[in-house]
Amino acid sequence: MTGHENIIKEMHEQLKDIFDSSEQGMYLYLDDEHKVCNENFASMLDYDSVDEWVAVKENFPEAFVAEESQETLVNTFREAMENGIGSQIMVKWKTKSGEHIKSTVILVPISYRGHRMALHFVFE
């Protein structure tokens, strides 16, 4: 297990109660290969399980975000990582089947063991 895999695993364990009990979709994102979500978010995007969603390792915005929302999400994530700014934005997601879902996303920067990442709460 790599260092980044450990960081995501440890943070997910720390936040497990919230991930399991939240009625909203949630995901924790460090980079395209190191992310985790809750069942609600995986289901929202038509994935059969969290593991199936996590297994997608391609470019995150291209894989999961409708083209018209990609720049907004990327820029908001960058602001969070560079300036510690939390935000609420509108994002249109791509489901596994290719449909689009409109949502509101609350993006919160967090840091763990010197690594900045973003915790996202997603609701339709």
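1. Two strands are taken as paired if DSSP finds at least two bridges between them; helices (H or I, at least four residues) and strands (E, at least two) are DSSP runs, numbered from the N terminus. The model is predicted: local features need pLDDT of at least 70, side-chain atom pairs count only at pLDDT 80 or more, and totals for chains, interfaces and linings use all residues. Residues are numbered from 1 along each chain as its sequence is written, and side-chain values use heavy atoms, with hydrogens and water left out.

2. Strands E3 (residues 87–94) and E4 (residues 100–112) run antiparallel and are joined by eight bridges. Glutamine 88 lies opposite isoleucine 106 of E4. Five residues separate the strands in this hairpin, where glycine 98 has a positive phi near 100°.

3. Histidine 120 belongs to strand E5 (residues 115–123). Its relative accessible area is 1%, hence buried (under 20%, with exposed over 50% and partly exposed in between; 1.4 Å probe, protein chains only). Leaving aside residues up to four places away in sequence, histidine 120 touches Gly25, Met26, Tyr27, Tyr29, Leu73, Val105, Ile106 and Leu107, contact being heavy atoms within 4.5 Å.

4. Helix H6 (residues 67–83) has 17 residues. Its buried residues are Ser69, Gln70, Leu73, Thr76, Phe77, Ala80 and Met81. They cover an arc of only 150° around the axis, which puts them on the same side of H6; the arc is that of the directions from the helix axis to the C-beta atoms. Glu68, Glu71 and Glu82 are exposed on the other side of H6.

5. The cover over the buried residues of H6 includes E1 (25–31), helix H5 (60–64), E3, E4 and E5. Glycine 84, with a positive phi near 65°, follows H6.

Methods. Expected span 1.5 Å × (residues − 1).
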